Amino acid sequence: MFVNVNAHPGSRPRTLGQLGELSRARVILSEFKYNKGTEIFGEAEPADYIYQVADGAVRTHKLLSDGRRQIGAFHLAGDIFGLENGLTHRFTAEAIVDTTVRLMKRCSLEHVAETDAMVALDLLNMTTSNLRHAEDHMLLLGRKTSLERVAAFLREMDLRLTAAGVMALPMSRRDIADYLGLTLETVSRALSHLHGMGILGFLGQTQRQIVLLDRGRLAELDL
């Protein structure tokens, strides 16, 4: 379930913020809280809104014809998602953990972009960035070994998550496996292998907190 935390009368409209020139658009946002595992939007639903993760994490995925799940991307705090070229969503989006999401009407943002060249440019840049990620992900799935895929994932998360030397992963190993096109067992073996090589260490019982001990050797595996 979700709760609109900006629904009370007289609440101050929120602007995009933290999005470079898009903050100049002054598009009114609604803010919602989604519990862990809750669907934010479904595949083929109308793409009437664009979303930003305020806090927490989101996964976007497709269910394949054989019932398997393919995760296309993980969206972390500050990330924009749900920006589509067509009129419907191509993926389903779910909260990985308890997550707060800001929603902006797509038509409102597009209207502003018609008269503001900087906003239009930022929308283009976001679209290009999403395309680049999709191309990188396709290469990851098609050309890399299982160990190279896990190494590439850790390097990506290192850039996006690491604070005070610790990478706190919000996603499970099952999520990682479905993102990398691997089995859960293969991901676990790869992480154990990297641990045995002295490239990473684990903190906590869930082993979702990772310390990278040798980024240079990890980079060598991400060919």
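**Figure 1. Overall view of the predicted chain.** Residues 24 or more positions apart supply 69% of the contacts in the protein chain that have a separation of 6 or more. The model is predicted. Its protein chain has six helices and twelve strands. Of the 223 residues, 42% are buried. The exposed surface comes to about 12100 Å². Carbon and sulfur atoms make up 53% of that surface.

Figure 2. Seven aromatic pairs occur in the structure. Phe41 belongs to strand E3 (residues 39-41) and Phe81 to strand E7 (residues 80-81), so the pair ties together parts 40 residues apart in sequence. Phe41 is buried, at a relative accessible area of 3%. Phe81 is buried too, at 2%.

**Figure 3. Close-up of the edge-to-face pair Phe74 and Phe153.** The planes stand at 65°, so the pair is edge-to-face. The ring centres are 6.2 Å apart. Phe74 sits in strand E6 (residues 69-76), and Phe153 in helix H3 (residues 146-161). The pair therefore links distant parts of the chain, 79 residues apart. Both Phe74 and Phe153 are buried.

**Figure 4. Close-up of the ring cluster.** Ring pairs join Tyr51 with Phe41 and Phe81 in a cluster.

**Figure 5. Close-up of a charge over a ring: Lys62 and Phe91.** The charged end of Lys62 sits over the Phe91 ring. Its distance from the ring centre is 5.2 Å.

Methods. Residues numbered from 1 in each chain as written. Predicted model: local features only at pLDDT ≥ 70, side-chain atom pairs only at ≥ 80, totals over all residues. Heavy atoms only, no water. Helix = DSSP H or I, 4+ residues; strand = E, 2+ residues; numbered from the N terminus. Buried < 20%, exposed > 50% of the residue type's maximum accessible area, 1.4 Å probe, protein only. Contact = heavy atoms within 4.5 Å. Areas by Shrake-Rupley, 256 points an atom, 1.4 Å probe, with all protein chains shown as cover. Phe/Tyr/Trp six-rings, centres within 6.5 Å; stacked < 30°, edge-to-face > 60°. Lys NZ or Arg CZ within 6 Å of the ring centre and 35° of its normal.
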